[in-house]
Amino acid sequence: MAYWRTRPNIIPQPAIQETLDAALANAQQSVKEQFFLLLASDESGDGQARPQVGGGGANYRSDETDKDVLASHNDWLSARRNLNQNRAKLTQIVSRIYPEEIRLGATGILMPESWRLRAPVDLTSVELKWREIAPPLSVTGQHAETARLRPLVAPNRQYTRYHRAMRDLDRPRLFENRLCYRLLSVDAGASDSDKRLTLDMTLGNMCYFDMIDVGEALAHETGLVGCPQGDVVPNRITWESLPFRRMVRDPFALSRYPLMLSVSTLTVRQSDAGTTFLLLRRNPAKVAIAGGMLSVFPTGVFQPASVAPAPDSPDFDLWRNVMREYSEEFLGNPEHDGDGPPIDYENEEPFRSLNQALRAGKIRVLCLGVGVDALNYVGDVFTVAVFDADVFDRVFDGMVKQNDEGDVVSGDDRQAFNFDGPTIERLLSTEPIAPSGAACLSLAWQHRDAIVNNRP
């Protein structure tokens, strides 16, 4: 510790960092609170650069590490590369081991009948409920079934959590343990009183790394089995070959494991000349999930943007979450990372303009349903936002071509994609598309009358 104090910017070796992480996790609450206060003070703006861990590399020198540990790291990194290069195929294949009735076509999304909507509902009408004390997790990723998915951190000792291996060996640029909303139940149906379509969701708290420890371990296991040498071998992916997936088993048993919820939005521009949309190519060096794949955007984890607690937080609202993602992904504004004051959604831009257009009927935001990614068990609310062309062009006049997650992609002749059957069919059949994006496109085209013509 004395050596560390004289050189505070060094990064500990993985074994030491793992020990420190475990010590902090087991510390008394008062000790944790003091630690985070000191950390906040240390990062308050002294202008000194903090050590960073780059993606694809470890934070240690090779001459300081045991050869067996290095071999374990190399094997783990190779499996990660195979996984990330084949995510689209692996998602399709692993989804087929589930019953057909819970699969959303060939999108890679799992959706039970009780979560399906007969028609889109207004996103602002989706009712969110809060459970202060969520059910304790029985699946955390710290199990014998995940032993082969966690590399050595020191001779004869494995990483205890998957996210710690990612942090040290294959860290993407966006990798923070932010507070997130955990999905606990979904109720889609009609109101007993007037038969209106409704969608209710109950949520609690979780952390982003809770999802990594379970979801990315599930994905890693599938890649390890399904493409051991780099090429996908479909018949290897079975329930019998996936012991951790067998342990989690039911993706809709939400009391057992941490189901993180994201919101994915297909953004449609509607004018007299036609209806179009854009997509995003997710950069694998920047994101932890779905790198290299096309995605609808904005897409973001449903999480608070301030320190105000749910359910009274102004951030506990799906439309506001979507607006923040527009600010970040379309306009390149800094991320609201959860440690600042609440956002003034009525007066700050672009939220003011987006809210005014929504109330004026110049933006319509519809919810298409809720599902779970078959590969990594991440939940998603599928939405579509239909903008009148004048509003889209005004609000997004300074739209970026690249953002913190990837590159904006257009269709033929660098024009936006046409919202029509042939275009959507071609994208879904020929492009590697993130499951949430595939679900948005598929459901949006299924409900195209409600989206384009505003008819049920």
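Modeller: This is a predicted model. In β14, Asp 380 is the bridge partner of Gly 371. Asp 380 in β14 is also the bridge partner of Ser 262.

Biologist: How do you know that β13 and β14 pair, and in which sense?

Modeller: Pairing needs at least two bridges between the strands. β13 (residues 363-373) and β14 have nine, in the antiparallel sense, so by that cut-off they pair. They form a hairpin with five residues between them, and Tyr 377 in the turn has a positive phi of about 50°.

Biologist: What makes β8 a partner of β14 as well?

Modeller: The same cut-off of at least two bridges applies. β8 and β14 have 10 bridges, in the parallel sense.

Biologist: Why is β14 called largely enclosed?

Modeller: A residue is buried when its relative accessible area is under 20%. Nine of the 10 residues of β14 (residues 379-388) are buried, so the rest of the structure largely encloses this strand.

Biologist: What makes a set of residues a nonpolar core, and how many residues has the largest?

Modeller: The members are buried residues of the listed nonpolar kinds, joined through side-chain atoms within 4.5 Å. The largest such core has 125 residues, and Met 201, Tyr 208 and Leu 266 have the most contacts inside it. Helix α7 (residues 208-226) gives the largest share, nine residues.

Biologist: Which residues does Tyr 208 contact, leaving aside neighbours within four places in sequence?

Modeller: Among them are Phe 175, Cys 180, Met 260, Ile 289 and Val 301. Contact means heavy atoms within 4.5 Å.

Key
Residues are numbered from 1 along each chain as its sequence is written. This is a predicted model: local features need pLDDT of at least 70, side-chain atom pairs count only at pLDDT 80 or more; totals for chains, interfaces and linings use all residues. Side-chain values use heavy atoms; hydrogens and water are left out. Buried means under 20% relative accessible area, exposed over 50%, partly exposed in between (1.4 Å probe, protein chains only). Helices (H or I, at least four residues) and strands (E, at least two) are DSSP runs, numbered from the N terminus.
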